[in-house]
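Here is a short tour for a first look. Keep the sequence and the structure side by side as you read.

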Amino acid sequence: MEGTVTRTTDVPLRVAIVGGGPGGLYAAALLKRLDPAREVTLWERNAPDDTFGFGVVLSDETLGGIEHADPQVYTTLRQHFVRWDDIDIVHRGTRHTSTGHGFAALGRKRLLQILHERCRSLGVDLRFRTTAPDTASLSARYDLVIAADGVHSTTRAAYAHVFRPRLTGHRCRYIWLAADFALDAFRFEIAETEHGVVQLHAYPYAPDASTVIVEMREEVWRATGFDELDEQESVARCAKIFTDALGGRPLRSNDSTWTTFRTVVNERWSHGNIVLLGDAAHTAHFSIGSGTKLAVEDALALAACLDEHPDPSTATTAYETERRPVVASTQRAARASLEWFENVGLHLDQPPRGFAFDLLTRSRRVTHDNLRLRDSRFTDAVEREFGCPPGTPPMFTPFRLRGLTLRNRVVVSPMDMYSAVDGVPGDFHLVHLGARALGGAGLVMTEMVCVSPQGRITPGCTGLYTARQADAWRRITDFVHERAPGTAVGVQLGHSGRKGSTKLMWQGMDEPLPDGGWPLVAASPLPYTPHSQTPRELTRAQLTDLREQFASATRRAARSGFDLLELHCAHGYLLSGFLSPLTNRRTDAYGGSLAARLRFPLEVFDAVREAWPAERPMTVRVSATDWAPGGTSADDAVEIARAFAAHGVDAVDVSTGQVVSDERVEYGRSYQTPFADRIRHEVGVPVIAVGAISSWDDVNSLVLARRTDLCALGRPHLYDPNWTLHAAAEQGYTGPGAPWPAPYRAGSRPPRTGRTDVPKPRLRLKN
C-alpha cells in the first residue's frame with residue numbers, strides 16, 4: 001500500500017504541467033502520489049507515442065532516487081533495463097575496451113509508456129495532442145505551473161525578460177538513429193573520411209535494438225553532402241560510413257533530422273508560480289548521457305521541495321537552490337565533453353590506448369584513479385604505453401625542457417606574496433619557496449619578479465633591477481639546490497603595466513595607492529578599472545628602454561642561479577596589454593592586427609632569450625582568453641603560442657583572463673586545461689596547465705591523457721607545502737620522482753591515529 005502525506009492548506013491543489021517528456025510526466029506522477037488531493041493536469045501537443053531519439057541511459061544515482069520516491073515505477077523500469085559494463089573505443093581500426101562502468105538503458109518510448117500508465121493510475125489528467133493554454137492564463141488559474149516544454153520552451157520565451165536565458169550553439173551536426181540489434185558495449189568509433197572526422201556514439205537500449213548517434217563538424221557535414229540529402233539518404237550514408245560497427249546492417253530513423261546542439265542556461269528558473277524543469281531550464285550534451293537524467297532528477301527535487309515547503313514560491317526557490325549547483329557541474333562536464341568531440345581531430349595522432357584514455361576522461365568526471373578502480377588492467381596498459389615505469393604514477397615521470405630535466409610533472413605556480421621591501425626578497429621568501437622546494441615539486445616558480453620599480457604591482461613586489469635583489473635571490477636558489485637537490489627553481493619576469501601602483505592584496509586588490517604611488521605606462525592609455533590610474537601610452541623610446549630592462553633583469557636572474565625563466569605575458573600586465581585588442585588601441589606598428597600586437601612581446605622575448613643562457617629553458621605565460629567580448633579568443637591563443645614557439649619558447653604556460661575588470665569567467669574544475677590541450681596539439685609545443693587543478697588524481701589524469709606536460713598548482717601548495725610528497729605517500733610511491741629530504745624521511749608515512757575499528761562478530765549462537 002502506497003503512503004501519502006498530510007496536505008496542509010497552503011500546498012498547491014492545482015498544478016499545470018506543460019510538456020509530456022520524462023521530466024514532466026515524472027513530476028506529475030510524484031506530485032499526485034505525494035498528495036492525491038492535488039489536481040494535476042499535463043498538456044502535450046504530440047501523440048503519446050511520438051518521441052525524439054530511441055534509447056535513454058540512466059545512472060545508478062538517478063535510479064536510486066526513483067526507487068526511493070516511487071518503488072512501483074522503479075520495479076517496472078527494472079524489468080525493461082538493458083545493463084552492461086563495457087565501453088569500446090575504436091580508433092584507426094583498433095578497438096580498446098574498458099570495463100566496470102555500469103550502464104542501464106531502456107527505450108525512450110517504453111519509458112514514456114511506463115510513466116503514462118503510472119500517471120493514469122494515480123489520476124493525473126493527461127491531455128495529448130493538445131496545446132497548453134498560454135502561460136499567463138495557466139498562471140492565473142493554477143497554483144503552480146511547471147514548464148517542462150523542452151529546449152524550445154515557449155514558456156521560457158514568453159518570460160525571457162525574467163528567466164534571461166543564454167542559448168549557445170555549437171560546431172557539430174548530429175542525428176539520432178537506431179539499429180535493430182543490440183551492441184554489447186557503449187561504442188565510440190571515429191571514422192576518418194576524405195572530408196573529415198565523423199564520430200559514432202552508440203549503445204544498446206533493448207535486447208534487439210541500439211541507439212546510434214552520428215556526429216560531425218558543420219564543415220564536414222557540408223563537404224560530405226549531407227546538407228543535400230533527404231532523411232533516408234542520410235540514414236543510408238551513415239550506415240555506409242560505419243558499416244563495420246554495424247556489421248553491414250542498416251540503420252533506421254524516426255523523423256530524424258540533422259540538428260545542432262544548443263546549450264541552454266537560465267539566470268533564473270522560476271517566476272511567481274511558474275517554474276522551469278528539464279531542458280527548458282538547462283541542457284547538457286548527449287555525449288555524457290544527461291538530458292533525461294537531469295529532467296528526472298529535477299522532478300524528484302521539485303516534488304520533494306513542494307512536500308517540504310507548502311508555499312510554492314518558497315518551494316521553487318529551494319528547488320533552484322538545490323539543483324543549480326548540480327546542474328552547473330553537469331553542464332561544465334558536458335561542455336568539456338562536447339568540445340573534446342568538436343576538436344577530436346586534434347587527438348587522433350595519439351597512441352591508441354592514450355586516445356582511448358583521453359576519450360574516457362574527456363569530461364573530467366572519469367579520472368585516472370576511479371578508472372583504475374573500474375578497470376586496472378586497462379589503466380596499467382595505458383601507463384605502459386605512456387612510458388611509466390612499473391609502480392610509477394604519471395605525475396612522477398620525468399620531463400625534459402632544453403637542458404633541464406624535471407623529476408616530476410608538478411610545478412608550484414607563481415604566486416605573488418607582496419612581502420618584499422624595496423623589491424628585495426627576504427626571509428619570508430626563503431621560507432616560502434624553500435618549503436615548497438623541500439615539499440617535492442619538480443619545479444618551484446617565484447612570484448612575478450618586476451624588471452623596474454615602476455613595473456611593480458604593489459610596494460611589496462619583488463624585483464631584479466638591482467644587484468642587492470639579485471644577491472637575495474641567489475641566497476634562495478642556493479638553498480633550494482643544496483637542501484632540495486633535484487628540485488628546479490624558476491623565475492617569472494614581468495612588468496605590471498596599467499595594473500601597478502596598487503595596495504597590497506589584503507588591503508584592497510587592484511585599489512590604487514592613496515599616496516606614495518608611481519606613474520603607470522601601458523600599450524594604450526586605458527585604466528584597468530574606472531577608479532584606477534590612467535597609464536601613459538608608451539613611446540618608441542620607452543619601448544626600447546623596457547626591452548633593455550627585461551634583458552638586464554634576465555642577466556641578473558642568470559647570475560642568481562635560476563634554472564628556468566618565464567616571461568609573463570598574461571593577466572593584463574604590460575606585455576599582456578599589448579596582446580589583447582581590448583587593451584591595445586595603438587595605431588602604430590605595435591597595434592591593430594594580431595601580428596602587430598605580438599610585435600613588442602616578441603621583441604622582448606627575443607631580447608630575454610638572447611640574454612638567458614642557451615642551455616636553460618624559457619617559458620611564456622599567456623592568457624588564452626580574455627573572457628570578454630571582442631577580446632583574445634582561443635583561436636588567437638593558438639596563434640600567439642605558435643608565434644612564441646617560432647621564436648624558440650620551450651613551453652607555454654596557459655592561463656586565462658584577468659585582462660579586463662569586467663570579465664565573465666566560466667570557472668570550474670581544471671577549467672583552463674582545454675586551452676592548454678588545444679595549444680599542445682595544434683602548435684606541437686609543450687604546455688603547462690594551470691587553474692583549479694587541486695588533486696593528484698587531476699594531475700595524473702591530465703598528464704596521462706596528454707592534455708598537458710606539466711601541471712602548475714598554487715592554492716594547494718599554500719594549503720600544504722608538502723603537497724607533492726603527500727601525493728606520493730597517498731599513492732604508495734617511493735621512487736625517484738618524489739624523494740623525501742633526509743631529515744623528513746621519518747614522516748614519509750601518514751601518522752598513526754587511534755584505532756577506530758571494533759571486533760567483528762565471528763560466532764553465531766543457536767537459540
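## Strand β10 and its partners

In which sense do strand β10 and strand β14 pair, and over how many bridges? Strand β10 (residues 165-179) and strand β14 (residues 259-266) pair in the antiparallel sense, over 7 bridges. Proline 165 stands opposite asparagine 266 in β14. Strands (E, at least two residues) and helices (H or I, at least four) are DSSP runs, numbered from the N terminus. Two strands pair if DSSP finds at least two bridges between them.

β10 also runs antiparallel to strand β13 (residues 209-217), joined by 8 bridges. Here alanine 178 stands opposite threonine 211 in β13.

## About the model

This is a predicted model: local features need pLDDT of at least 70, side-chain atom pairs count only at pLDDT 80 or more, and totals for chains, interfaces and linings use all residues. Residues are numbered from 1 along each chain as its sequence is written, and side-chain values use heavy atoms, leaving out hydrogens and water.

## An open sheet

Six strands form an open sheet: an open sheet of 6 strands with the order β8-β2-β1-β9-β16-β15 and mixed pairing. Its edge strands are β8 (125-128) and β15 (270-271), each pairing on one side only. β15 pairs with strand β16 (residues 274-276) in the antiparallel sense, over 2 bridges. Histidine 271 has isoleucine 274 in β16 as its bridge partner.

Helix α1 (residues 22-34) lies across β1 (14-18), β2 (39-44), β8 and β9 (144-147). α1 runs at about 170 degrees to β2. Such angles run from 0 to 180 degrees between N-to-C directions, with axes fitted to C-alpha atoms, for helices over the stretch in contact.

The axes of helix α2 (residues 60-69) and helix α3 (residues 71-80) come within 5 Å. They cross at roughly 130 degrees. In contact (heavy atoms within 4.5 Å), Leu63, Ile66, Glu67, His68 and Ala69 in α2 meet Pro71, Val73, Tyr74 and Leu77 in α3. These residues divide into 7 nonpolar, 1 polar and 1 charged. Ala, Val, Leu, Ile, Met, Phe, Trp, Tyr, Cys and Pro count as nonpolar, Asp, Glu, Lys and Arg as charged, and the others, Gly among them, as polar.

## A covered helix

Helix α24 (residues 696-704) is mostly covered: 9 of its 9 residues are buried, meaning under 20% relative accessible area with a 1.4 Å probe, protein chains only. Among them are Trp696, Asp697 and Leu704. The cover includes α13 (352-360), α23 (673-683) and β28 (710-713). Just after α24, arginine 706 takes a positive phi of about 60 degrees.

Note on methods
Buried means under 20% relative accessible area, exposed over 50%, partly exposed in between (1.4 Å probe, protein chains only).
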